[in-house]
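Student: Could we go through some side-chain pairings and a helix contact together, one question at a time?

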Amino acid sequence: ADFVIVGSGGGSMVAALAVTDAGKTPIILAKTDKVGGSTAMSGGVFWIPNHPLQARDGIEDSEEKARTYLDASVGDLGAATSHPRKDMFLKQGPAMVHYLESKGMPFVRCDGWSDYHDDLPGGMAAGRSLSVEPFNVKELPGDWAAKLRRGLSSLPVRGIEGRKLMLLKRTWAGKFAALSLGMRLIRSKILGQELVGAGTAIQGRMLQMAVRQNIDIRIKSGVSELVEENGRIAGVVTQKDGKPWRIEARDGVLINAGGFSHNADMRKQYGPQPSSVAWTNANPGDTGE
C-alpha cells in the first residue's frame, strides 16, 4: 500500500480518507476483531477551537484567543505542548471539521459545554466542543455493523444530553433530555433502526465513509514489527491466516494504536501508582505493543 495505518480509531479513518482523496492507496490494520479503537468507546466529544459551527451560531472565537487559552491552561512542557504543535492543532482542527462535514459528518455544537478552565485568559463559557448526531448502524453494508466496536453505553444521546441526564431528578433540563431520548428510542424502534451515540456514532459514520471509498480495512491484523530499510520505515509485519505477513509502505506508516491501558506491567513501569488495568475505558486491544 502507499500508506499503512496501524489501528482503526478516529485518526486512522480520517487519515485513510485523506490519503484516498490524494489518489493514494491506504490500508488500515486493526488488531482485534472489531473496528473503532478506543474512539468508539469514548464519550465522543471533540474539542476544536474556532470551528465553523461557532461562526454559524454567532459565537466569536479565533486562533489567537485559543492559543492564549492553551498557553494559560497547559503552558509549554515539552514536545507534546510546543508552540509549533499548538499552532498546527489550531490550524488543522477547523480544517478537519470542514473536511468531515464535506463527507457528510453531522456535527452538533455542544452548547453550554464550557471550556474546563473558562476563567483563564482565552477561555470560553460557551465552549468549543462538538459531538455528532446519533447513527443507525444498520446503514452499514454487509457485516460491517457486527465489526463496529460498541461503546460502554448504547444510548443514542445527542450533544450534551448525557450531562443533563445525570441531573434528571434535579432539573427540568434533565427531565426534558430524558423525554427527548425516550422519544428518539421509541421512534428508532418503530423504524427498525439501531441507533448509537457518542464515540460509537463517530466511528460508525467514519467506517461508513471508509467503506464507501473502498478503503482496505483488515481486522485481526495486529502489527508485531516495523520494517526499517535505509534509515526509513518501509513497512510493517502483521499476521495473515496465523502467519507473519509483511506489508510494504511506499509512502509511510501511521501508528495510531493507542497506548498501554490494558498492560499491567507497563502501567507499573511508566504510570502513576497505584494502578490497575481495570481502571480504563480503553478498548481491549490497548496493550502497548
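Student: Which side chain meets R109 in a salt bridge?

Tutor: This is a predicted model, and the distances discussed here are computed from it. R109 is buried, with a relative accessible area of 14%, and R109 also belongs to a network of salt bridges that includes D57. The side chain that meets R109 in a salt bridge, at 3.4 Å from N to O, is that of D111.

Student: How many residues apart in sequence are the parts that the pair of D61 and R128 ties together?

Tutor: The side chains of D61 and R128 meet in a salt bridge with an N to O distance of 2.8 Å, and both residues are buried. D61 lies in the loop between helix 2 and helix 3, while R128 lies in the loop between strand 4 and strand 5, so the parts that the pair ties together are separated in sequence by 67 residues.

Student: Are helix 1 and helix 8 roughly parallel or roughly antiparallel?

Tutor: Helix 1 (residues 10–21) and helix 8 (residues 198–212) pack with their axes 10 Å apart, at an angle of about 25°. Angles under 35 degrees count as roughly parallel. The two helices, helix 1 and helix 8, are therefore roughly parallel.

How values were computed
Residues numbered from 1 in each chain as written. Predicted model: local features only at pLDDT ≥ 70, side-chain atom pairs only at ≥ 80, totals over all residues. Heavy atoms only, no water. Axes fitted to C-alpha atoms, helices over the stretch in contact; angles between N-to-C directions. Helix = DSSP H or I, 4+ residues; strand = E, 2+ residues; numbered from the N terminus. Parallel < 35°, antiparallel > 145°, perpendicular 65-115°, else oblique. Salt bridge = Lys/Arg side-chain N within 4 Å of Asp/Glu carboxyl O. Buried < 20%, exposed > 50% of the residue type's maximum accessible area, 1.4 Å probe, protein only.
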